[in-house]
Amino acid sequence: MSHSTQPVFIALQANNDTMPIVEAILADNPLAIAHEYPAMVKIDAPGRLVVKRESVEERLGREFDLRELQVNLISLSGSLDETEDEFILQWNAA
Amino acid sequence: MTTSKAPAKKLSLKENYALLTRDLGWKPSYQTEDTLFPAVKFEGIKIHDWDKWEDPFRLTMDAYWKYQGEKERKLYAIIDAFQQNNGQFNVSDARYLQALKLFINGVIGLEYSAHRGFNIVGREFPGVGTRIAAQMQAIDELRHAQTQIHALSHYNKYFAGMAEFPHQFDRAWYLSIPKSFFEDAITSGPFEYIIAICFSFEYVLTNLVFMPWMSGAAYNGDMSTVSFGFSAQSDEARHMTLGIEVIKFLLEQDPANVPIVQGWIDKWFWRGYRLLTLIAAMMDYMLPKRVMSWSEAWDIYFEQNGGALFADLARYGIRMPKHWEVTVKEKGHVSHQLWSTFYQFRHAAGFPVWLPTPEEMDWMSLKYPDTFDKYYRPRYEHWAELERQGKPFVNATLPQLCQTCQWPLLFTEADDPTEICYREGSYLGEKFHFCSDGCKDIFSKEPEKFVHAHLPVHQIYQGNYFNADVNPTAPDFNPLVEALKYMGINPGVDGGDFAGHIDAVNWELWTKRPANMHAPTTTDTAPERKSA
Amino acid sequence: MTVEIRVQAVKPLRNTFGHIARRFGDKAASRYQEGTYDIQSEVNHHYKPLWDQERDLYDKRRTAVEMRDWYALKDPRQYYYGSWTIARAKQQDAVDRQMEFAEKRELLRSLPEAARKAIVFALVPLRHFEWGANTNMCMVSAYGWGTAVTQAASMATMDRLGMAQHISRLGLLVDGNLGDSLVQAKNYWTDHSDWQPLRREVENLMACRDWFEVILAQTLIADSLVYALFFNHFDSKFSAENGPGLSTVLDFLTRWHDESNKWVDAVVKPVVAESESNRAQLQAWADHWRTAFLSALSPIAQGIMGPIGRDTLAEINTKLGTRLVKLGLQDHGVAL
Amino acid sequence: MSVNAIRPGYHGDMKDTVDKFHGNQLINIGWDKHLMYATPVCIPVPPQMPFGALLQQVLPTIYGQHPDFEKIDWSVAIWSLGGEPFTPALDKSIADNGITHKASMRLRTPGLDGLAGVGF
């Protein structure tokens, strides 16, 4: 499947719970850029953005169920695929 | 049946969801499918296999309760703390409160309508996965209506114009715009409804409402609103994903669905865009501390993100919504045109209106370099001068409304901001008027539906807008004052000028801070106002 | 920015919203009240529904019963979304522990084969009954009038999905997460002769388009009979033979049903009391669906209870009659 | 195109037909290049009202606040009706001028193009 470079994003509430998640995302997605707004962090990436459970757990120091993202998620853009290990946003078209 | 020897299989999220959910439905044999699901055929959408529906979030009820319960506990803890600390006095100024009135009177009704609409879809679709997704969204939307009521309840105790929100939603002239939008969606068939709301509105447009606007609420010190806003938006993220899934599902099921879906995208993009004019004005004029302009938000959330979405859908033969180019041409104008409209009809609004201060106009010059100084600054300066002379400008005549979106004809031609855009059509020997080609197109496709629009201006002139206990033949009957009362607007109190408004006076008395942070005045000596 | 102490002394100008004050007086109102009363749109509707052109979008004429105030159907649990979801999350937490325990100790999986088969035959097909109930409650929440009853129906819609999924988990506890018990149970539901009459009535009810008839038939009639038969009598019989393992995991269902009954009574009672014509209408519906579901349950009652099936059903039916009388209806004692 | 509904014969009510306005009809009026009035207006008028009365009695109450209004030379004012050029007869009634219910009229006042050079 060819990957698009059209922008995808995830936006999270800016709070203590989401700091390690944001860190994990930025570490796993070298092209991602975080924009800080009042009470909100929006992370943009070209084409694809992945949240990895293991990376979040490393930074959180406990088990993390990716469904916990729900609690602090504000919005997203891109087609979503969610498994136990990864929460992936992407566009499929070239 | 298995033996008890092998350990129980470990289920993945997908497998667990599929086992618990997928096969709950069955093919009826004592009743026909058409009897049980009578509403899925008339729109012309062809579904060959409902099981091809993919559930992106795969939420089972146990997980739904767990995460939603946690969100609610967090949210109500914040609302409780906000109320205990009288957080309503911590917001930037008393003008910010006026934006909340549009929220409570306009948006709660929309959330509730969405709740009911998704209940219909949740009942009428034959596919289990699709129905469950719709049902979850239905109850989420109830959540949004109720958390908004609960978050704003405390403001209502101190400020005017919020106490009659369900009444106003059903009757106030400018709230027929959001009301008719959602009622158009719900009175459509279930497929159109879900495309209208999940895709065109939520996926393409609601980020504009919740991201910059709610971030703006935080910036203005309203922790209660930002909390319900962001908490609601986390549900929306699920709904948006439903929106994109539903569109792919329909497009993949049958090529004959493509033109039908494109028609709905065209209609609902335009309908949603027109509705969001309200947000444009709120962002540019009603947030005392501003995060971004409407024009910037449109660029980020529609042109860039929406563009990415439509690039992705091109492989199905879906193109950008019709008239999208017009929205880009209008982005430097609509908020100013609407605020000018609200200003001149402020005596008939449920909230007070003000002219932007010089400091705010400088911000707009910066954000709207091509349009503000040329077209809009002169208006505000002229009106400000009239206010100084003690003869403020008011438009006392009711406006001409668009038959489709129900806004007054306040928008100008896309290529000439000095000419109002008039479009006219006729149907069954009667004339109908529109604010744009987009709205005229929508009417022309379904005139049988849109003749039934309840246009408040026409209703007032028909004599339908006064309360039951009023005698319209009495010598002192004032139809416009009575119409306001009918709408749930307290004439001479709720609307009018911001300066001297009950909220402004009380704000300064209670907080000792200026009601308008950009135009400090001293009205410390004014007595507290209880009512008119 | 901090709030100075003196603003604490600011007295509110009003204590609640106008529509709440008109109902209950201008005093502090509960979150249930503010989140519920009068929030459904009532007048000035635009457009005729493409799916029901003879009526309005919200229309009191979608049921044959009439109420001066549909908000008389107050939910005694006073559930608004937040309190409902937090209550369910808490219950689910306890259920999760029960289920984990049951899985770890193989409470169902280690039962003798005949017992496991009995669970799959007698209980797992009810996930489809619950799905029918989900459909019916969703119909009420879609087309009912007044948030007091429609929001509770919306919660019931989700509750029934939760119950369907919970029952599915019982199957997975039996089959070690392979899912073949679910396949087997679906075959029973669609093809086994003992189950067909019940499926017939579930489908008949799904075809019913009077929302108050649906709420009455589903929650007062069908649920009373079904829950008592399967989760009470069958469970007792099964426990006597196989120990209390099954009861542990049925606890959620029976507790939920007890809770739901309080709501159901509060929905039916004021409608019966409103007028003689309502009472007569509800009596006719109750008699019709009671007869239909009792006869539908007869074969499966005998299938799962054996020779005492008939008496069991008679006992359950008597209790239903008593409940009808408490609600202001008559017990027309349907013959089995 | 027409609407797809679950049963044949779908049609909304014509909500704003002239019979519902108690002997009046609606007319919509907009004054081009005068966006101080941000929207055209809608008013009920008796169909028998002479067009001249509309000019002399009604329009001043609508537009009188604009400084251009008193400068209008009505002999050069240009009207359009439903997008077509239109020359009203001042002594004839609204109805006899062919102005039907819900008609949309636009007024242009040559030489008077609003304030600030931007049609305000």
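Q: In β7(A), which residue is the bridge partner of A:Glu82?
A: The model is predicted: local features need pLDDT of at least 70, side-chain atom pairs count only at pLDDT 80 or more, and totals for chains, interfaces and linings use all residues. Residues are numbered from 1 along each chain as its sequence is written, while chains are lettered from A and ligands numbered from 1 in the order in which they are written. Helices (H or I, at least four residues) and strands (E, at least two) are DSSP runs, numbered from the N terminus. In strand β7(A), A:Glu82 has as its bridge partner A:Phe87.

Q: How many bridges join β6(A) to β7(A)?
A: Two strands pair if DSSP finds at least two bridges between them. Here β6(A) and β7 (residues 86–90) of chain A run antiparallel. The number of bridges joining them is four.

Q: Which strands are the edge strands of this sheet in chain A?
A: Three strands form an open, antiparallel sheet in the order β4-β7-β6. An edge strand here pairs on one side only. The edge strands of chain A are β4 (48–52) and β6 (79–82).

Q: What is the average twist from one strand to the next in that sheet?
A: Angles run from 0 to 180 degrees between N-to-C directions, and axes are lines fitted to C-alpha atoms, for helices over the stretch in contact. From one strand to the next, the twist averages 15°.

Q: Why is one side of β2(D) and of β4(D) left without a neighbour in the sheet?
A: Chain D has an open sheet of five strands with mixed pairing, in the order β2-β1-β5-β3-β4. Its twist averages 35° from one strand to the next. One side of β2 (41–45) and of β4 (84–86) has no neighbour in the sheet because each stands at an edge, with a single partner strand.

Q: Which residue in β4(D) stands opposite D:Leu81?
A: Strand β3 (residues 78–81) of chain D pairs with β4(D) in the antiparallel sense. Three bridges make up this pairing. Opposite D:Leu81 stands D:Glu84.

Q: Which chains share the most contacts?
A: Two residues are in contact if their C-beta atoms, placed from the backbone, lie within 7 Å. Chains A and C do not touch, with nearest C-alpha atoms 14 Å apart. No contact joins chains A and D either, and their closest C-alpha atoms lie 31 Å apart. Of the four pairs of chains in contact, the one with the most contacts is chains B and C.

Q: Which helix gives the largest share of the side of chain B that touches chain C?
A: In this contact, 80 residues of chain B meet 80 residues of chain C. Elements of chain B that each supply at least two residues include α3 (61–84), α4 (96–124) and α5 (128–156). The largest share is twelve residues, and it comes from α5(B).

Q: How many residues on that side of chain B are charged?
A: Ala, Val, Leu, Ile, Met, Phe, Trp, Tyr, Cys and Pro count as nonpolar, Asp, Glu, Lys and Arg as charged, and the others, Gly among them, as polar. The side of chain B that touches chain C has 32 nonpolar and 30 polar residues. Its charged residues number 18.

Q: Are α6(C) and α10(C) roughly parallel or roughly antiparallel to each other?
A: Angles under 35 degrees count as roughly parallel, over 145 as roughly antiparallel, 65 to 115 as roughly perpendicular and the rest as oblique. The axes of α6 (residues 147–175) and α10 (residues 245–274) of chain C come within 11 Å and cross at roughly 160°. Their contact includes C:Met163 of α6(C) and C:Trp256 of α10(C). The two helices are therefore roughly antiparallel.

Q: Is the crossing of α9(C) and α12(C) left-handed or right-handed?
A: A crossing is left-handed if the near helix is turned anticlockwise from the far one by less than a right angle, and right-handed if clockwise. Helices α9 (residues 211–242) and α12 (residues 309–326) of chain C pack at about 135°, with their axes 10 Å apart. That angle makes α9(C) oblique to α12(C). The crossing is right-handed.

Q: What ipTM does the predictor give the complex?
A: For chain D, the mean pLDDT (the predictor's confidence in each residue, from 0 to 100) is 96. In that chain, 99% of the residues reach 70 or more. The complex as predicted has a pTM of 0.95 and an ipTM of 0.94.
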